[in-house]
Amino acid sequence: MSVAQAEPRGARAPGWWGMALFILAELTLFGTALASYLFLRFRAPTWPPPGVEQPDLVLGGIATVLLVGSSIPMFFAERGIQRGSVVRMRICIALSIVLALGFLSIQGYEYASTSFSWRTDAYGSLFFTILSLHGLHVIGGILIVAWLEIRSFAGHFNGEHHAAVQAGALYWHFIDLVWLAIFIVLYLSPRI
Amino acid sequence: MATATEERLEEIWGEEPGPVSWFTTGDHKRIGKRYIVTALIFFFLGGVEAALMRWQLAQPGATHLTPEQYDELFSMHGTTMIFLFITPLFTGLANYLVPLMIGTRDMAFPRLNAFSYWIFLGAGIFLYAGFVVGAAPNGGWFAYPPLTGPIFDPGINMDIWSLGLIFLSISTTAGAINLIVTILKLRAPGMSLARMPLYVWAMFVTAWMMVLAMPPLTYANVLLQLDRNLGTHFFDPTAGGDPLLWQHLFWLFGHPDVYIIFLPAVGIVSTVIPTFARRPIVGYPYVALATVLTGIIAFGVWVHHMFATGLPQLGLTFFAAASMIITIPSGVQVFAWLATIIRGRRPVFTTPFLFAVGFIVVFVIGGVTGVMFASVPFDQGVTDSYFIVAHFHYVLFGGAVFPLFAGLHYWFPKITGRTYSETLGRWSFWLIFVGFNLTFFPMHIMGLLGMPRRIYTYSPDLGVDGLNLLSTIGAAIVFVGAVLVAINATKSLVSGSRASANPWGAATLEWATTSPPPHYGFASIPIVNGRDPLWEQPQLGSDLTLTDGREILGTTITDAEPEDPLPMPGGSVLPLVTALGFAAVFVSLLLGSVPAALLSTLITVALIGAWTWDLGGVPG
C-alpha cells in the first residue's frame, strides 16, 4: 500500500498539530513534576537534607551539553529532508542518537555513583523520579528517530513528504529543552 | 435512488457489516456510538452502587452493608460517574457529532480514535476487576494519602485505582488531541471560528482542558504508585514529603475536570435551546467567550477544595476571589439562554427542551451553593458534610446529566434514524426532575444538621432519619425515570417511526444529511456562510465531493479557507491490538511482575512501530 506518496505537505499537517498537542501535554507533565519538586523544597528547612551531597555539576553540565547539543544535528536532519536529501537526514539523526546515548551513559553513571537513593527521603524520591521520567523520554525519543531512520530505507520520506520526520524532530527538541529546565531546577536551584 | 457520487463514496467509505469491521473500524459514528453505549453501561453500574448506598442509609443503624463494602461502593460510585460515565459519554457524543457539525467526513486521526475507545474500555474493565477479585478501590474518588498510602491501605485496592486512572488518561488525552486537530483543521469551507456552532466551541475548550488537566492527575498517580510500591516518600511527612502535595496535584486536575464535565453540557444546552425557541442564540460571541474564559479561570480555583487544610490566609483569599469570578461567565450563559427563550417564538416543549430548562433550574441552585463555598468560613463549617454532597450532585447530576439527557433525546433521531416517544420522554423527565430534587435537596439540610459524608451509617439522635428516607425514596424515583429512558430508547429502536433528516428544524450541519448519516457523512462538502447554515442557506451543497479516494478536506485554522485534500487511513486491527498491549503493561504492573512489564512494554512499542509503518505518511 503506497499511501506514502499522498502525504500532505507543509509544517501544519494534522500530524504536526497532533504532535504539538502531545508535547503540550508532556510539558504539563514535566511542569507538574518540577512544581512538585519546588513545593516540597520550599517546605523543607534545608535542601538538600543534611548529609546528602549536591548533584555533580560537572557531570550534569557535560550531560547537558551533549543532550542540548544533539538538537543541532536534528535541526539539520529536518532541513536535509526538506531539501530532499534522505542521506543527510540519516547521518544527522545518527549523530543525534550518539550524543543522546552519551547523555544516557552519564546519567547511568550518576545513578550508580550517588550515595542516596529514592528510598532515602523525599529529596531522593524527587531527584530519581524526575531524572527517570526524563530518561525514559530520551529513550522514547531515540526509539522514535531510530524508527524514522529505518522507515527512510523503505522510502517513506522524500523532499515533499516528511511530516513524520518533522514531528519526530519536534519531539526531540522538546526533550532537550525540557532537560534544560530540569537541569536548572535539580542541579542549579539547590545551590542558590 | 442513490446518485453516482453517492455510490462512489459508499464504495470508498463503506464497511462490511460483521465481526471484522467491528474490530477494525475507524468510522467516527460507530466509535461514537460505542462510547455512548459503553458509558451508559457504566452509568447503570454507578447507579446501582448509589442505589445500594441509599438502601443502607434509608434508616439509621442499618446493617445491609459492612463499612468496608460501603467504602468500596462510594469510591467506585464517584470514580465511575466521573471517569467512566460522564467524560467518556461526552467524548463519544462529540465523536459522533463534531465531524458532522463541522461538515467533514471523519475525525483527523480515525485509528487513534478507535484506539482511544479500546483504551477506555480496557481501563473501565481494569477498574471494575477490583470487584471480581474482592479488592475494589476503597479510598474515595479523590484518594487522599496518607489514607491511601502503603500503611493504611495495604491491599491492591488503590493500586487498581491509580493504575486504572493512568491507563484511562491515555484514552482521554488521545481523544482530546484528536478532537482539537479535527476542529482546527477539518471545518467546512467558510466555517470560520466565529461561525462555529457553540457545541463545537464547548468541546474545543473542553478538549484543551483535558490536554492540560490530565497530566497532573497522571503524575500524582505515578507518585502514589511509587510511594505504595517502591518505597518513595512523596506523601510521607516523616521523610520530607507532604500529603498536601497530593491534594494540590489532584485538585489541579480535579477542578478543571468539573468544567471538563460541565462545558460539554452547556454546549448541548446552547444547541437545544435555540432549536426549540426557534431563533438564533442571543449573544453568540458572549457565550463563546464565556466558554473560553471558564476554561481558563477553571485552572485557578483548585485550592477552594482545600480551604480546610490550614493554608495561609492570603492564598485562600486569592482562590476565594477566583472562585467567585468564575460564576460570571456561567451567569452570562444563563442569561443568554433565558433571553433566547424569551425573545424566541413560543418554545416547543419537547423532552430535550424540558431537560434543558430543568437543567437551568437545578444548575442555578447548585451555582448558588457553589458561591456559598467560595466564602472560606462557610466552607470550613460545612466541609465533609452532606451539604457538599448536595452541592456537587446539583452541579454534576443537575449540571451535566440533565443536559446529557437533553442531548441524547435531541440527537436520538439523528443517530438511530428513529423517533422516540414524546409521552414516555416527558414522563421520564418529570420523574427524574422530581426524584432528583427529592434525593438531593434534603442533603443540604442533613449536612447543616451535621451528617458527615462517607460514613456508612448514622445515629437516630442526629435527627436526620426522615430526611434520609426521603432521599432514598427520591433516588428510587430517579432510578425509575432512568429505566424509563432506557425502555423508550429500546422501544423506539425497534418500532419507532423513521426520522427525517431534520425533524426539529434545527440549524446546524448534522441535520443536513440523512438520519442516520451514511458512512461518508455528506455527499458534497457544505460551504458555510453563517452561524446557522440550515436556517440561512436553503442550498448547502457544493461541487466538492472528493471522490478520488479516501480523502477529507483540510482548511485553515481560523478562516477555514480550503487547503489540500487529506488522505485518510482505512480500518485496521492495529489500534485494538496496541490497546491490548497497553492493557498487558498495566496488568503486569498491578501484579508487580517486572519481567512481564518489560516484555509487554517491548511488545507495545513494537506495535506502535507497526502502526506508524502501516500508515506510511498518512496521519492517523
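Which residues does B:Ala406 touch, not counting residues up to four places away in sequence?

1. B:Ala406 touches B:Ile268, B:Val269, B:Val272, B:Pro352, B:Phe355, B:Ala356 and B:Phe359. Contact here requires C-beta atoms, placed from the backbone, within 7 Å.

2. This is a predicted model, in which local features need pLDDT of at least 70, side-chain atom pairs count only at pLDDT 80 or more, and totals for chains, interfaces and linings use all residues. Residues are numbered from 1 along each chain as its sequence is written, while chains are lettered from A and ligands numbered from 1 in the order in which they are written.

3. Chain A has a mean pLDDT (the predictor's confidence in each residue, from 0 to 100) of 92, and 94% of its residues reach 70 or more. Over residues 1-11 of chain A, however, pLDDT stays under 50, and the model has 25 contacts beyond four places in sequence for them. Where pLDDT is low, the predicted coordinates should not be read in detail.

4. The contact between the chains takes 40 residues from chain A and 40 residues from chain B. On the chain A side, helix 1 (14-41), helix 5 (122-153) and helix 6 (163-188) each supply at least two residues; helices are DSSP runs of H or I, at least four residues, numbered from the N terminus. Helix 1 of chain A gives the most, with 15 residues. That side of chain A divides into 25 nonpolar (Ala, Val, Leu, Ile, Met, Phe, Trp, Tyr, Cys and Pro), 10 polar (the others, Gly among them) and 5 charged residues (Asp, Glu, Lys and Arg).

5. Helix 19 of chain B is followed by B:Gly616, whose phi is positive, near 65°.

How values were computed: Contact = placed C-beta atoms within 7 Å.
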